[in-house]
Amino acid sequence: MPVYLSLTRVLAEALVDVLWFVEGSEDEQMDPDDAVKVIEGAAHLVTQLSSDQRSEFLDLLGSMAAEEVDPSRREFLEGFPEGFGLVEDDS
């Protein structure tokens with residue numbers, strides 16, 4: 001079990017784990033309307049972070065993505081900032 005030096009890192013890991021599960025759930029595992037509510041609620045909360053908090057969270061997501069060995073989870077982590085409204089879409 002990893003030892004975390006930061007409560008922020010632990011909470012970021014937990015948030016990503018929950019959202020990874022929700023987003024990957026089949027309709028039989030979780031009601032689609034409930035899944036949308038969870039994802040939208042989390043997206044709203046992270047968009048309310050201060051500039052410093054947002055920067056710290058983005059750095060944590062980058063570190064987590066760089067350390068991730070599962071390619072699909074790494075892709076989820078790399079897309080998290082845009083998908084959850086932390087950064088503007090460049091397109």
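**Close-up views of the salt bridges and helices**

**View 1. Glu67 and Arg9 form a salt bridge, with the closest N and O atoms 2.7 Å apart.** A salt bridge here is a side-chain nitrogen of Lys or Arg within 4 Å of a carboxyl oxygen of Asp or Glu. The pair links distant parts of the chain: Glu67 sits in helix α3 and Arg9 in helix α1, 58 residues apart. Helices are DSSP runs (H or I, at least four residues), numbered from the N terminus. This is a predicted model: local features need pLDDT of at least 70, side-chain atom pairs count only at pLDDT 80 or more, and totals for chains, interfaces and linings use all residues. Residues are numbered from 1 along each chain as its sequence is written, and side-chain values use heavy atoms, leaving out hydrogens and water.

**View 2. Arg9, Glu13 and Glu67 are linked in a network of salt bridges.** Glu13 meets Arg9 with the closest N and O atoms 2.8 Å apart. Both lie in helix α1, four residues apart, about one turn of the helix. Arg9 is buried, at 14% relative accessible area, whereas Glu67 is exposed, at 52%. Buried means under 20% relative accessible area, exposed over 50%, and partly exposed in between (1.4 Å probe, protein chains only).

**View 3. Arg73 and Asp17 meet in a salt bridge (2.5 Å, N to O).** Arg73 lies in helix α4 and Asp17 in helix α1, so the pair ties together parts that are 56 residues apart in sequence. Arg73 is buried, at 11% relative accessible area. Asp17 is partly exposed, at 38%.

Conventions. Helices (H or I, at least four residues) and strands (E, at least two) are DSSP runs, numbered from the N terminus.
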